Every structure is written in C-alpha cells, then in structure tokens.
Amino acid sequence: MKEIGILGCTGSIGVQALEIVASHPESFRVVALAAGSGNLELLARQADKFKVPIIATTGDKARLRSLTSAEVIDGPQSASQIAAIPADVVLNAITGSIGLGPTLSALSSGNKVALANKESLVAGGELVMSYGRERILPVDSEHSALAQAMRSGKRSEIAKLILTASGGPFRDRKDLSDITVGEALAHPTWKMGPVVTINSATLVNKGLEVIEAHHLFGIDYKEIEAVIHPQSVVHSMVEFRDGSTIAQASPPDMKGPIAYAISSEERYANVMRPVDWSKSHTWEFSPIDDDRFPAVELAKRCGELGTAVTAMFNAANEEAVGAFVEGRIAFTRIVDVIEAVVMEQGGGALSPLRDIDDVTAIEHDARVLANELIRS
Ligand code: MG
C-alpha cells in the first residue's frame with residue numbers, strides 16, 4: 001500500500017491519477033489533496049470518494065467546508081503544507097512555476113515527488129536535484145520514456161537523449177503570424193490545459209522539456225535533441241554509444257507515465273491500451289524547423305547559461321502566453337518576447353540560485369520586462 005498526496009488534483013493529470021488509484025485500491029491510499037479555486041465541488045467529491053483526511057484550496061475555505069467532511073486548509077502556502085504531509089509519493093501536477101515551492105516542500109520533508117510540474121526544474125533545477133535523482137519520478141511522458149529506456153544500459157553508455165514532439169497544430173503551416181487563439185487551443189493528440197496547449201503549439205513546451213531532461217538525467221544540452229513525431233506513439237528515445245537507440249512506445253495516454261511514477265516505477269496490469277499490431281502504422285520523424293519554431297534552440301541556449309536564465313525564459317513565456325490568450329499579442333510574438341527578455345536580463349554575471357527567493361526575484365524582473373515589451 002502506497003500513501004500518496006496529490007497537488008493539482010482537479011486538473012487533467014490529477015483526475016487521471018485518481019482514476020488509477022480507483023482501479024488499484026489495493027495499491028494506494030490518498031492521504032492529502034490540494035487544488036486551486038476553480039472546481040471546489042470536484043475537490044470535495046474526490047475527498048469524500050477517497051476518504052482523504054486533509055485537503056487544501058486557494059479558493060473559498062468556508063464554501064469547501066460546507067461540501068465535505070475532510071479537514072480543509074487554505075491560503076497561498078496550503079499546497080506546500082499538503083506536500084509536506086508524510087507520504088510515499090507526492091504527485092505535483094500544478095501548472096506553472098508556482099509549483100516549485102510545493103516540490104521543495106515535499107522533498108525537504110522526505111517525500112518522493114512524482115513530478116508533472118516541469119517548471120520546478122526549469123525555474124529551480126539545482127535546488128530540486130540537490131535532493132537526489134532517486135527522489136524524483138518523472139511524469140512528463142517524454143521523461144518517463146527516457147527513464148524507462150535508460151534501464152537498457154549504463155549511464156556511461158548513453159550518447160544522446162532524443163525527445164519527441166508532436167509538432168503541435170501548426171507543424172505544417174508556413175505562415176504562423178495570423179494564428180488565432182482558437183486555432184492554437186485545438187491540439188491534435190493530447191488533451192491538456194490552455195497554457196500547456198499553447199506551449200505545445202509554440203514548441204516552448206519542448207524547450208522546457210529539454211531543460212527538464214538536462215536536470216533530471218544530468219546530460220549536457222549538446223547531447224539532448226528534439227524531433228518531430230506527429231503520431232505521439234514513440235514518447236522519447238535514448239541513443240547509446242554503440243549506435244543502438246532504445247525507444248518507449250505506447251498510444252498517447254498519460255495514464256501510463258502517471259502510473260509508472262506514482263507506483264515508484266512498477267508496472268501495473270492494464271494501465272493503458274498497448275499498440276495494436278493487427279493494424280498498419282506509420283511512425284514519422286523529422287527535424288524541427290528552427291526558423292518557424294525557434295523555442296527549442298532558444299531554451300537550449302538559455303540552459304547553457306544557467307538556471308537563472310531558464311527561470312527567466314519560463315516567466316517571460318507565462319506572461320506572453322497570457323497576453324496571447326487575451327488577444328494582446330500575435331502568436332509569433334510569444335517567443336520574441338521570451339528572447340528579448342533573456343537577451344536583456346540573461347547576459348550579466350548570474351550567481352547560482354541559492355533558494356526559492358532568488359528564483360522569485362529573477363522571475364519578478366522577467367515578468368515586469370515581459371509586460372513592458374508586450375505593451376510596447
Ligand atoms: Mg511532455
């Protein structure tokens with residue numbers, strides 16, 4: 001029986017994690033839940049269904065109390081408090097760099113973290129990894145695939161990590177300048193929240209994932225590549241030094257990587273549908289067009305400069321995506337804003353990040369400059 005806490009339990013990853021728990025009641029017990037203010041009814045239903053003793057919201061505490069018998073805590077630090085409750089694994093499925101504090105809280109309390117919040121590594125890679133690789137269980141499908149493929153060889157035998165990218169809805173579109181918000185929110189393969197969907201359309205998501213892979217696996221940026229794979233069946237690959245490449249393949253379904261992470265890398269029966277070999281399949285791979293999609297190369301350049309710069313990259317992107325969704329800037333301006341922010345603020349002598357306050361300060365400055373650029 002594994003005790004798990006779930007942060008971001010009303011989002012897509014959190015809901016699927018609870019579906020896995022419900023189908024494996026002998027394997028899991030949910031000890032705590034945390035969610036934002038968006039869906040208090042769902043949070044209360046989850047708390048009652050899974051008999052969770054304590055839950056947290058950033059929303060209306062009194063109203064949540066009227067909906068459930070669970071103990072309720074609230075406030076901006078409540079997710080970090082939930083993360084610190086003793087558990088075998090804390091699943092962090094919060095979106096955005098606000099997930100860093102709860103990740104560090106879970107780790108410093110001795111809990112393992114099933115990490116779906118990639119921004120924890122992008123904004124605070126060294127801070128998170130100082131607790132040790134074995135404490136982090138990747139939930140991102142690409143990094144789960146890499147972790148699985150790495151079991152095929154020794155660390156010293158790895159030549160390269162190859163992340164796959166669906167390419168987003170504009171993979172084959174020549175002119176990206178007139179893309180509408182509605183078009184950008186329609187994603188071909190995965191079902192996700194709006195920020196993640198836009199990040200997938202700009203390939204910023206793949207840039208964040210390259211940074212995530214660098215921290216998780218300790219591989220140099222020059223040995224991490226991304227390739228377009230529209231079918232999203234091969235989730236990533238590890239190339240070994242003898243020229244052999246090991247890939248992990250399964251039809252797109254986040255339940256696979258979620259279950260692999262929250263179980264601490266066990267394989268449960270019937271988690272997801274396997275590839276159907278009674279049908280024909282075509283799996284395509286092609287290089288990224290860096291002229292139309294400059295985000296991945298920009299993320300690598302930022303990564304080589306250090307985590308302070310990747311924190312800026314992420315913060316500037318969060319502001320630019322917000323502005324795009326509100327119709328204030330064009331689609332192609334999202335990555336332009338990021339680049340302008342890191343060019344302006346990422347050049348100076350940047351000392352290593354000491355703590356989360358350093359991250360917050362860097363992000364604040366990046367957000368201010370991003371908004372100035374968005375307005376101009
Ligand atoms: Mg991913």
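Q: Where is the place of Ser264 in the chain?
A: Ser264 sits in the loop between helix 11 and strand 12 (286–287). Helices (H or I, at least four residues) and strands (E, at least two) are DSSP runs, numbered from the N terminus. This is a predicted model, in which local features need pLDDT of at least 70 and side-chain atom pairs count only at pLDDT 80 or more, while totals for chains, interfaces and linings use all residues. Residues are numbered from 1 along each chain as its sequence is written, and side-chain values use heavy atoms, with hydrogens and water left out.

Q: Why is Ser264 called partly exposed?
A: Buried means under 20% relative accessible area, exposed means over 50%, and partly exposed is in between (1.4 Å probe, protein chains only). Ser264 has 24% relative accessibility, so it counts as partly exposed.

Q: What is the phi of Ser264?
A: Phi of Ser264 is near 60 degrees, a positive value in a residue other than glycine. Most residues other than glycine have a negative phi.

Q: What makes helix 11 mostly covered?
A: Seven of the eight residues of helix 11 (residues 255–262) are buried. They are Gly256, Pro257, Ile258, Ala259, Tyr260, Ala261 and Ile262.

Q: Why is helix 5 said to be largely enclosed?
A: Seven of the nine residues of helix 5 (residues 100–108) are buried, so the rest of the structure largely encloses it. The buried ones are Leu100, Pro102, Thr103, Leu104, Ser105, Ala106 and Leu107. Just after this helix, Gly110 takes a positive phi of about 95 degrees.

Q: Why is Leu203 called buried?
A: Its relative accessible area is 2%, so Leu203 counts as buried. Leu203 lies in the loop between helix 9 (194–202) and helix 10. Its phi is positive, about 70 degrees, although Leu203 is not a glycine.

Q: What makes Asp140, Glu142 and Glu209 donors of the magnesium ion?
A: Donors are N, O and S atoms within 2.8 Å of the metal (3.2 Å for Na, K and Ca); water is not among the atoms, so sites may look incomplete. Asp140 (OD), Glu142 (OE) and Glu209 (OE) lie 2.1 to 2.2 Å from the magnesium ion. Along the chain, the donors follow the spacing D-x1-E-x66-E. Glu142 is in helix 7 (residues 141–150) and Glu209 in helix 10, so the pair ties together parts 67 residues apart in sequence. Both Glu142 and Glu209 are buried.

Q: Why does Leu216 count as buried?
A: Leu216 has 3% relative accessibility, so it counts as buried. This residue is found in helix 10.

Q: Which residues is Leu216 in contact with, leaving aside its neighbours within four places in sequence?
A: Contact means heavy atoms within 4.5 Å. Leu216 is in contact with Leu121, Met129, Arg133, Ile136, Pro138 and His143. The C-alpha atoms of Leu216 and Arg133 are separated by 6.5 Å, although these residues are 83 apart along the chain.

Q: Why are helix 10 and helix 12 called roughly parallel?
A: Axes are lines fitted to C-alpha atoms, for helices over the stretch in contact, and angles run from 0 to 180 degrees between N-to-C directions. Angles under 35 degrees count as roughly parallel, over 145 as roughly antiparallel, 65 to 115 as roughly perpendicular and the rest as oblique. The axes of helix 10 (residues 204–217) and helix 12 (residues 295–305) cross at roughly 30 degrees and come within 7 Å. The two helices are therefore roughly parallel to each other. Val204, Lys206, Gly207, Val210 and Ile211 of helix 10 make the contact with Ala295, Val296, Ala299 and Lys300 of helix 12.

Q: What makes helix 6 roughly antiparallel to helix 13?
A: Helix 6 (residues 119–129) and helix 13 pack at an angle of about 150 degrees, with their axes 7 Å apart. That makes helix 6 roughly antiparallel to helix 13.

Q: Is the crossing of helix 6 and helix 13 left-handed or right-handed?
A: A crossing is left-handed if the near helix is turned anticlockwise from the far one by less than a right angle, and right-handed if clockwise. The crossing of helix 6 and helix 13 is left-handed. Helix 13 passes helix 14 in a right-handed crossing.

Q: How many nonpolar residues does the contact of helix 13 with helix 14 have?
A: Ala, Val, Leu, Ile, Met, Phe, Trp, Tyr, Cys and Pro count as nonpolar, Asp, Glu, Lys and Arg as charged, and the others, Gly among them, as polar. The axes of helix 13 (residues 307–325) and helix 14 (residues 333–345) come within 8 Å. Their contact divides into 12 nonpolar, two polar and no charged residues.
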